[in-house]
Every structure is written in structure tokens, then in C-alpha cells.
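Student: Can we go through this structure together? I'd like to start with the helices and then look at some single residues.
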Amino acid sequence: RRPSDDFPPMLKCASGMEILATPEMGYYCFHVLECMLRKTVCQSPPSSIPNVNAQLFVGWYHKGDLRGCIGSFKDTPLAVSLKERAIEAASSDTRFSPIRVSELQNLSCSVSVLHSFETADDIRDWTIGVHGITVAFTDPATSKSRVYRATYLPEVMVKYKMDKDTTLRELVAKAGYTHNPISDAVWRTMEVTRFQSSDVKCTYEHYRSWVSRSST
């Protein structure tokens, strides 16, 4: 049994096209978040958001510091996934307390739409600054049925100046595997899926300016 047997399929959107992230995607995430915090009804997504399936991550930042980030590798309608990830990243990232309405004005949003998924030939068959990676592995010495998984988006390795070996070790820890040192048997089970992403970032001020323009 391979780790990837339990790993959800990771594809391009259903049409096979690569989707570019746009500012409107970030604005819609802000709209969803503001509606949740102010307990108002959300409007339909902007018509510029294509009606295709996608896999993506949404991140929230408060004055530049990460405030929550959650993604999904499930092929889901783009607008639906934006709405779900925006809410989850704001309220369900266990590393942080839920975002409060008082934080809105100092928030920024990032949307990363994932594409070009490929199975790497080996665990180092990817390029820093180009690819994000997902690792999946087991520990034959304990339980072959448990599959450990973790993901870094492409910008993570660049931001923290990690080489490939450091990245892989950090992902093993992120996956919840606590045994140290990591045995050769564990490394041999590891499979890496590499991918690329189209990214966009916007601030609350950008979002409010867009709302004003759209209402005139």
C-alpha cells in the first residue's frame, strides 16, 4: 500500500485549464468574511469569477502577520471554495483565535489557486521558487495504515530561505510525525506531489475601494 492510495486526487480544474488568481477573488473573500462577522447576507460572487472547479488556499494576515490559512485539494466550484476557505481560514485554523470584526481594517487576504500537479520522480524532484509540494508517507515500524501528509505553497520555501532537505524535514514535522531522527524506512515511503500556484493579495482598503466602484 502506497501513501498516495489514501491521498485525494489533485488535478487541474475540470476543464484542464490553469486558472489565474484575480483581485476579485480576494475581494469576494473579504465580502464573505465581513458578512460573517457583521452577520449580514452575502451577495453572489462577482461574475468575473469563472464557473470552474479549482483547488486553492486562502490566507488572512493582520498587519502583515499570518492570521489564518486553510486550503483544499478537493476539486470544488471556484466560488464555493473561495467562500468556504475564507470562512475556515478566519475561524477554524487551530493555530489562531477566530478573527474579530475589529481586525477587518488591518487585514489583507491572499488567494493561491493551485495548478500543474505532477508526481515527482523522487523526493527532491522540484524547484524552489517554482513549485509547492505535498508529501505523503508512512512509518513501516509503527502503523502502515496511517498516512502522514503536509503541504507547503511555493512561496514558503522562498520566504524562509529553506533548501530542499530543510523543507522536507519541516514538512515531516508539520505532518505530525514526531520520531527523530527520521529513519531511512520512512524516507523510502515518501511520495512528493509538486504543483504551481497563481497568487493574488489584497487589503481591506482595496476591497472597500472595489465595493465603492462597483456601487456607482
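Predicted model: local features only at pLDDT ≥ 70, side-chain atom pairs only at ≥ 80, totals over all residues.

Student: What does α2 span, and how long is it?
Tutor: α2 runs over residues 78–91, 14 residues in total. From first C-alpha to last it reaches 20 Å, close to the 20 Å expected at 1.5 Å a residue.

Student: Which residues of α2 are buried?
Tutor: Leu-78, Ala-79, Ser-81, Leu-82, Arg-85, Ala-86, Ala-89 and Ala-90. They lie on the same side of α2, because the arc they cover around the axis is only 155°.

Student: Why would a spacing like that put residues on one side?
Tutor: An α-helix has 3.6 residues a turn, so residues three or four places apart point the same way.

Student: And what covers the buried residues of α2?
Tutor: The cover includes α1 (23–38) and the strands β1 (53–62), β2 (65–77) and β3 (107–119).

Student: Switching to α1 and α6: at what angle do they pack?
Tutor: About 95°, with the axes 9 Å apart. α1 is therefore roughly perpendicular to α6.

Student: Which residues meet there?
Tutor: From α1, Glu-24, Tyr-27, Phe-30, His-31, Glu-34 and Arg-38; from α6, Tyr-204, His-206, Tyr-207, Arg-208 and Trp-210. By class, the contact has five nonpolar, two polar and four charged residues.

Student: Where is His-131, and what does it touch?
Tutor: His-131 sits in the loop between β3 and β4 (132–139). Leaving aside residues up to four places away in sequence, His-131 touches Glu-118, Trp-126, Pro-154, Met-157, Arg-194, Phe-195 and Gln-196. His-131 is buried because its relative accessible area, 7%, is under the 20% cut-off.

Student: Which peptide bond is cis?
Tutor: The one joining Asn-180 and Pro-181 is cis, with omega about 5°. Pro-181 is in the loop between α4 (164–174) and α5 (184–189).

Student: What about phi at Lys-63 and Lys-161?
Tutor: Lys-63 has a positive phi of about 55°, and Lys-161 one of about 50°. Neither is a glycine. Most residues other than glycine have a negative phi.

Student: Where are they, and are they buried or exposed?
Tutor: Lys-63 lies in the loop between β1 and β2 and is exposed, at 63% relative accessible area. Lys-161 is in the loop between α3 (154–159) and α4 and is exposed as well, at 77%.

Methods:
Residues numbered from 1 in each chain as written. Heavy atoms only, no water. Helix = DSSP H or I, 4+ residues; strand = E, 2+ residues; numbered from the N terminus. Expected span 1.5 Å × (residues − 1). Buried < 20%, exposed > 50% of the residue type's maximum accessible area, 1.4 Å probe, protein only. Arc of directions from axis to C-beta. Contact = heavy atoms within 4.5 Å. Axes fitted to C-alpha atoms, helices over the stretch in contact; angles between N-to-C directions. Parallel < 35°, antiparallel > 145°, perpendicular 65-115°, else oblique. Nonpolar A, V, L, I, M, F, W, Y, C, P; charged D, E, K, R; others polar.
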